[in-house]
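Have the viewer open as you read.

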Amino acid sequence: MGARWHDAMRAALDVARSAEAHGDVPIGAVVLDPSGEIIATGGNERELHQDPTAHAEIEAIRRAAERVGEWRLEGCTIVVTLEPCTMCAGAIVGARLEQLVFGAYDEKAGAVASLFDVVRDPRLNHRPRVTGGVLADECTALLEDFFEARR
């Protein structure tokens, strides 16, 4: 089902690995323009900047908005290695992203399928399409390896 997103998810995984290199949880995101080109990337930078809002999705959305010159990212897709939390799900809706693609499910904090479904709530004025579980095994393994090394 998500095979068309494999290349973008692999790019997000590369970004996640770079986040891990500076001590952050390895989560990565890329934003694709309507033609499928990567226009922005973001990795977790919470530890790097001591900023609790510096999640991969937030960083990628900020950079994409800067690149296109406006906050509305209509027609764009965000691809992220982990199911977004409530903050990031809200930002995805607020940025008017057309589609969300994610890898691993997050049973502890996921706000797209696991705990909540913020992005598809019918009360909202914008609801992106969602594809979950893309390269989930690879995304999960990266996170498990990170936390295993810290135990």
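Two strands count as paired when DSSP finds at least two bridges between them. With that in mind, take a look at this predicted model: G28 stands opposite G43 in β2. The strand β1, residues 28-32, is joined to β2 by 5 bridges, and the two run antiparallel.

Zooming out, the sheet is open and has 5 strands in the order β2-β1-β3-β4-β5, with mixed pairing. At its edges sit β2 (38-43) and β5 (129-131), each pairing on one side only. On average, neighbouring strands of this sheet are turned by 15° against each other, ignoring direction. As a reminder, strands of a sheet pair through backbone hydrogen bonds, either parallel or antiparallel.

Now for the helices that lie across these strands:

| Helix | Residues | Lies across | Angle |
|---|---|---|---|
| α3 | residues 56-68 | β1, β2 and β3 (77-82) | about 150° to β2 |
| α5 | residues 136-149 | β3 and β4 (99-104) | about 60° to β4 |

Where does G133 lie? You'll find G133 in the loop between β5 and α5. Is G133 buried, exposed or partly exposed? Its relative accessible area is 32%, so G133 counts as partly exposed, the cut-offs being under 20% for buried and over 50% for exposed.

Key:
Residues are numbered from 1 along each chain as its sequence is written. This is a predicted model: local features need pLDDT of at least 70, side-chain atom pairs count only at pLDDT 80 or more; totals for chains, interfaces and linings use all residues. Side-chain values use heavy atoms; hydrogens and water are left out. Helices (H or I, at least four residues) and strands (E, at least two) are DSSP runs, numbered from the N terminus. Axes are lines fitted to C-alpha atoms, for helices over the stretch in contact, and angles run from 0 to 180 degrees between N-to-C directions. Contact means heavy atoms within 4.5 Å. Buried means under 20% relative accessible area, exposed over 50%, partly exposed in between (1.4 Å probe, protein chains only).
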